[in-house]
Amino acid sequence: MNVAHPAKNDHRPVTPCNDTCVERRSDLASVTCPYCFEVVDLYVDPETEGSFVEDCAVCCRPWTVTVSRDEQTGELIVDVGRA
Ligand SMILES: [Zn+2]
């Protein structure tokens, strides 16, 4: 019986950590729920811009999320209000 070994994910090249490694992923924003005031990490798709409705992961009430980006830095700007 020939047991196939699962492909080993070994020796994945490790990118040397340069001084930008503390840079935060720009598509993850910490927002404060306008209803329950919990701080929730909101993942924003890199192509997403404008407004959309997203339910709070904690209290399930709907947010209106407005996504924009700083033209200079490309930094994600996320505004959350009550839908
Ligand atoms: Zn909430």
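Read from the N terminus, the elements of the chain follow the order β-β-β-β-β. The secondary structure thus comprises five strands and zero helices; both kinds are DSSP runs numbered from the N terminus, a helice run being H or I with at least four residues and a strand being E with at least two. The model is a predicted one, in which local features need pLDDT of at least 70 and side-chain atom pairs count only at pLDDT 80 or more, while totals for chains, interfaces and linings use all residues. Residues are numbered from 1 along each chain as its sequence is written.

Of the 83 residues in the chain, 8% are buried. A residue is called buried if 20 or more other C-beta atoms, placed from the backbone, lie within 10 Å of its own, exposed if 12 or fewer do, and partly exposed in between. The largest nonpolar core has seven residues: A29, L42, V44, W63, V65, L76 and V80. Such a core is a set of buried Ala, Val, Leu, Ile, Met, Phe, Trp, Tyr and Cys residues joined through C-beta atoms within 7 Å. Two or more of its residues come from each of β4 (62-69) and β5 (76-82).

Leaving aside residues up to four places away in sequence, A29 is in contact with L42, V44, L76 and V78, where contact means C-beta atoms, placed from the backbone, within 7 Å. Among contacts in the chain with a separation of 6 or more, 26% join residues 24 or more positions apart.

And what of the loop between β2 (39-43) and β3 (50-55)? E47 is found there. E47 is exposed, because 6 other C-beta atoms lie within 10 Å. Its C-alpha atom is 9.5 Å from that of D27, 20 residues apart along the chain.

Notes: Contact = placed C-beta atoms within 7 Å.
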